[in-house]
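Subject: Structure handover

Hello,

Here is the structure for your files. My notes on it follow below.

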Amino acid sequence: MSEENVLTKEIAEQFVADEDSVDLEEFTAIEDAAAESLSKHEGTLYLEGLTSLSDAAAESLSKHKGDLCLGGLTRLSDAAAESLGKCTGDLTLDGLTSLSDVAAESLSKHEGTVCNVGAGTGSYEPDDREVVAVEPSQAMIEQRTSKNRVECATAESLPFPDGAFDAAMAIMSVHHWENPQAGLAEMQRVAARQIVFTFDPNRQADLWLVRDYLPEILELEQARAISIEQIVECLPGAHVETVSVPWY
Ligand SMILES: C[S@@+](CC[C@H](N)C(=O)[O-])C[C@H]1O[C@@H](n2cnc3c(N)ncnc32)[C@H](O)[C@@H]1O
């Protein structure tokens with residue numbers, strides 16, 4: 001078993017005095033007092049090696065001015081997530097494997113950038129985030145009312161550098177894409193997290209719209225449908241959540 005390498009208050013103070021003298025990425029744990037010292041540092045804190053973080057340390061780190069890289073953490077308590085959700089710089093938490101609903105809600109308050117792929121006219125685009133929309137249809141773009149930036153492009157070739165966004169979303173769009181696998185790979189390239197809202201093609205025949213009004217579209221829709229399983233296969237580690245759509 002590898003030994004814990006603890007970032008102590010003394011080392012943190014040395015880093016604050018001269019950031020080139022210490023490589024923060026080496027440390028797997030951090031003392032609360034060290035986090036308190038680092039809160040005075042201005043600039044990015046590369047703490048990618050940390051595998052645990054106390055609530056007190058999270059609170060201190062969230063107060064520092066700059067980006068916070070904590071990609072080695074696999075879990076986060078609700079209290080730690082609440083603190084980190086308030087930090088002002090970019091937040092990297094790529095390694096999380098589980099998160100409670102409360103923690104996810106807290107982190108969602110952290111200002112993040114979002115790429116809305118297949119944005120259409122911009123319905124369902126968040127208005128409390130910095131969003132860049134991607135839409136290939138000029139007719140759809142012309143009907144947008146949002147002031148968010150929009151790029152005329154396809155999911156299969158997103159015009160952004162790697163890791164440009166915190167999250168990429170696609171709402172009722174994946175089944176339209178010529179190559180959904182390529183589009184989902186692009187979403188992973190440009191963003192740390194992906195959210196795909198779609199439907200289960202196996203249940204489409206039961207949908208009131210198809211069953212009562214447009215039974216003819218079933219054949220067309222089934223031919224281009226991508227199953228939930230196929231989407232999950234393209235997004236390793238993805239979890240599926242069923243969203244209820246109330247019928248009034
Ligand atoms: C059903 S609309 C959904 C629009 C919007 N996301 C919403 O929920 O209101 C599907 C959208 O996907 C877009 N689309 C089609 N092919 C695409 C592709 N290859 N890449 C990205 N978007 C695409 C369409 O132009 C259309 O605007």
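Domain bounds here come from an automatic or database domain assignment. On that basis the protein chain is divided into domain 1 (6-108) and domain 2 (113-234). The C-alpha centres of domain 1 and domain 2 lie 33 Å apart.

Two points on how to read the rest. This is a predicted model, in which local features need pLDDT of at least 70 and side-chain atom pairs count only at pLDDT 80 or more, while totals for chains, interfaces and linings use all residues. Residues are numbered from 1 along each chain as its sequence is written.

Overall form: along the principal axes, the C-alpha atoms of the protein chain fill a box of roughly 70 × 35 × 35 Å. The chain has 10 helices and 10 strands (DSSP runs numbered from the N terminus: helices are H or I, at least four residues; strands are E, at least two). Of its 248 residues, 29% count as buried, meaning that 20 or more other C-beta atoms, placed from the backbone, lie within 10 Å of the residue's own.

Helix α3 (residues 55-62) has A57, A58, S60, L61 and S62 as its buried residues. These pack against β2 (29-30), α2 (32-38), β3 (45-46), β4 (68-69) and α4 (78-84), with contact taken as C-beta atoms, placed from the backbone, within 7 Å.

Ligand: 20 residues surround it, and the closest are G118, G120, A155, I171 and H176 (near means a C-beta atom, placed from the backbone, within 6 Å). The shell divides into nine nonpolar, eight polar and three charged residues. Ala, Val, Leu, Ile, Met, Phe, Trp, Tyr, Cys and Pro count as nonpolar, Asp, Glu, Lys and Arg as charged, and the others, Gly among them, as polar.

Regards

How values were computed. A residue is buried if 20 or more other C-beta atoms lie within 10 Å of its own, exposed if 12 or fewer, and partly exposed in between; C-beta atoms are placed from the backbone. Two residues are in contact if their C-beta atoms, placed from the backbone, lie within 7 Å.
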